[in-house]
Amino acid sequence: RMFHDDELEESEKFYVGQPRVLLLIYALYNTLVARSEMVCYFVIILNHMISASMITLVLPILIFLWAMLSVPRPSKRFWMTAIVYTEVTIVIKYFFQFGFFPWNKHVDYTKDKPYHPPNIIGIEKKEGYVHYDLVQLLALFFHRSILKCHGLWDEDEKGDNSSNKEDTDDELSLTGGRRDSSVSLKSVNLAASVESIHVHFPEQQTAIRRKSSSSISQLSHRSSFSSHRSKRASLFLPFFSGSTSTRNSSQKGSSVLSIKQKSRKELLMEKLREQMIKAKAFTIKKTLQVYVPIRQFFYNLIHPDYSAVTDVYVLMFLADTVDFIIIVFGFWAFGKHSAAADITSSLSEDQVPEAFLVMVLIQFGTMVVDRALYLKKTVMGKVIFQVILVFGIHFWMFFILPGVTERKFSQNTVAQLWYFVKCVYFGLSAYQIRCGYPTRVLGNFLTKSYNYINLFLFQGFRLVPFLTELRAVMDWVWTDTTLSLSSWICVEDIYAHIFILKCWRESEKRYPQPRGQKKKKVVKYGMGGMIIVLLICIVWFPLLFMSLIKSVAGITNKPLDVSITITLGGYQPIFTMSAQQSQLKDLNQTGFNAFLGSYRGNTAALQFLEGYGKEDITLADLEGNSNSLWTISPPSREKMIQGLLDFSAEFTVVLSWSIQRALQPELLPSPNCCIPTAGYGTSLRTLETVYPYYIKAPSDSLAKPIKQLLTDCRWENITVSLVKNVSDEGVREWWVLNQLGKRYKTSEESLELFIFSDKVSPPSLGFLAGYGIMGLYASVVLVIGKFVREFFSGISHSIMFEELPNVDRILKLCTDIFLVRETGELELEEDLYAKLIFLYRSPETMIKWTREK
């Protein structure tokens, strides 16, 4: 060994001999130390997500527009800014926790108001107001200690000073240097600008000549000397003015020297003018001190001396896709109403929520713009897009969205998740800007390897509706090419087809099939059996789905209101009654068993009852006295009596019912049940076989009587009587009904009605269940069958393009087209495209090109 140390070897043996849990802790700690700046970013973003105030908004914006854009790492100035700002934030929050502030006297009333000024600023009184800020400060100090341990804390300042000095020396040298002096944005321009302002002072008659080859230190010294001299010369302002006028008079030929003294008002005006000029110069100087470094920072970012080219577009696209999914399944969190809902139920009702539409369009638009910037490889456009997006997203999420949703951002979990994923996107975008775009963008990222994973992912990518077409058109629009759109799509289709063939040929090489041997049973029963099961499931899917959706996943849908109405002939209804709440009773297990026992031996009834449980049966106990008085005009009353006394004519009794349920808010009325009758009397009267007693309430049709549960399929009898009450207020009449043969005997007049409610499908699957069996066969099975038929038929027409033993040469030709396009060789692109088209037009040439080497 060239180097050997016993202590190091013993230390290594000791470390390897530690328990695995301790080794895992060591590894996690080392990872934490290696990525301590990412820990700081995470804690800052988490603190802002929890607090969601203006006082915590500053640091996340600085992270995405300063820290993550700094090369090679954030400077000491940023970390000191973050530390000092966090400390100031803690002090401010602590100061405003005292109860003597007016807004702290009604905390319970204002704590949930999103636009309450203390809530927006972040100075509201609350429990644990400073916990996350302390964790943030601890993370910042931890990162500071790591930088100091590695000697990187003070390195930035020394490097900046030396680099500034070298840059200014190179910029001001006449012999030329690393950069052109015309693009210099250093402090020399600042000094020159300030000194040019001092030239207009009245007392500065003697100009200071500057040498063109002077250094930055000389310019700074001259600027300070000029400022000092202007202050000293202001004391002798009248004498300078007088000498000037004397000199002018002598030049005109005057023989007498006269000194003209200025008035006090003129002196004050000149003094005021001088102070205004100084204030203007000071303002410009301070503005330039802020503006010039920012402009220089972004200039160096767009025009770097070196660029470590990278490509993280795939990760940015995945982050945007996750945000897109969050919007689709949590769109209700971005609207006014915060009640949880699902997009499928809204779309099934032909309703497009405005919040969902706006969010989807904005998210999709940013993805299109990001793709365009990636294809054009413009770092400047990406920087501008990053700045606009960072400010826009933060302004919308923390100032507009709380007003729309009428709740604070910290109470909106879906919006917090969306914002966190967007922060990941901002970090990836900053890394892309800092490193620069790749020189060449060749093909799809899924086509870099030839294995089963890339094959299935690529085919899944192509199955997404309109995604392949949209990507092809966008690539054609924002890529320099001489090909037409149809030719571009042709190349893309050929490349996709050849890539799929390449994956299959590579799989055949990895898992070769010996010649002359039959296929193994594992392959036949594995692949073939799976296909058989899949086809059978598709064919019988509607029947299985409709039978299982209610029996297995069905929800009991109990009635909320049961109403009965009886009408004699076509006159005013004589009886109206409803049963609600306590009048709707559920059967217990004992009652249900007794109910089943009463039908022992009745095959039809037992077969019907097999589909229902005790929770599906409801007993409605309706009061026998009508809930409304019988109001009828005297002529109609006489005519009704005459009709009832005429035994030769038919007189109908119309009995109707309606059932209202929770998941089926529409009424389920019965068809009018007309029973012919005759005779009339104000005393007790029996109406035979007019009452259904058992009602079935389906989920998608009218409520119907259940004849299987009736004795000899005959309806029950009821008694009808008219009660008359004479008082000082007048004569009042109402009808009283009573059912004969009730299961539960009661002394009072009443009606019993058993309702058998069918189970309904869950709301999440209601859009499928609504099609019915025939609808599912027409819309699902037949469409899938068409695609399956295309897979099994028409194979003979594509043999010459599918059975290619070796596709390496064709694949290389496609990649050559991509390469010459990226390098700007557009004429060569046309030649290679013509060669590719000729290859597909010539079967003999295709055979030669695809032979095994």
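Trainee: Leaving aside its neighbours within four places in sequence, what is K422 in contact with?

Mentor: With that exclusion, K422 is in contact with D320, D323, Q363 and I393. Contact means heavy atoms within 4.5 Å. This is a predicted model, in which local features need pLDDT of at least 70 and side-chain atom pairs count only at pLDDT 80 or more, while totals for chains, interfaces and linings use all residues. Residues are numbered from 1 along each chain as its sequence is written, and side-chain values use heavy atoms, with hydrogens and water left out.

Trainee: Is K422 buried or exposed?

Mentor: Buried, with a relative accessible area of 2%. The cut-offs are under 20% relative accessible area for buried, over 50% for exposed and partly exposed in between, with a 1.4 Å probe and protein chains only.

Trainee: Which helix is K422 in?

Mentor: K422 sits in helix α18. Helices (H or I, at least four residues) and strands (E, at least two) are DSSP runs, numbered from the N terminus.

Trainee: Changing topic, how many residues are in the largest nonpolar core?

Mentor: It has 67 residues, and those with the most contacts inside it include F64, W79 and W418. Such a core is a set of buried Ala, Val, Leu, Ile, Met, Phe, Trp, Tyr and Cys residues joined through side-chain atoms within 4.5 Å.

Trainee: Which elements give two or more residues to this core?

Mentor: Among them are α3 (36-51), α4 (58-67), α17 (379-405) and α18 (413-435). The most comes from α18, with eleven residues.

Trainee: And what is F64 in contact with, leaving aside neighbours within four places in sequence?

Mentor: The list includes I45, L69, V390, H394, C423 and F426.

Trainee: Now strands. Which way do β8 and β12 run, parallel or antiparallel?

Mentor: Parallel: four bridges join β8 (residues 694-697) to β12 (residues 750-757). A697 stands opposite S757 in β12. Two strands pair if DSSP finds at least two bridges between them.

Trainee: What about β8 and β9?

Mentor: Those two pair in the antiparallel sense over two bridges, β9 being residues 704-705. There, K696 stands opposite K704.

Trainee: Last one. How far does α30 reach from its first C-alpha to its last?

Mentor: The 15 residues of α30 (808-822) reach 21 Å, close to the 21 Å expected at 1.5 Å a residue. The expected span is 1.5 Å times one less than the number of residues.

Trainee: What do the buried residues of α30 pack against?

Mentor: They pack against α21 (485-510), α31 (826-841) and α32 (843-849). Just after α30, G824 takes a positive phi of about 90°.
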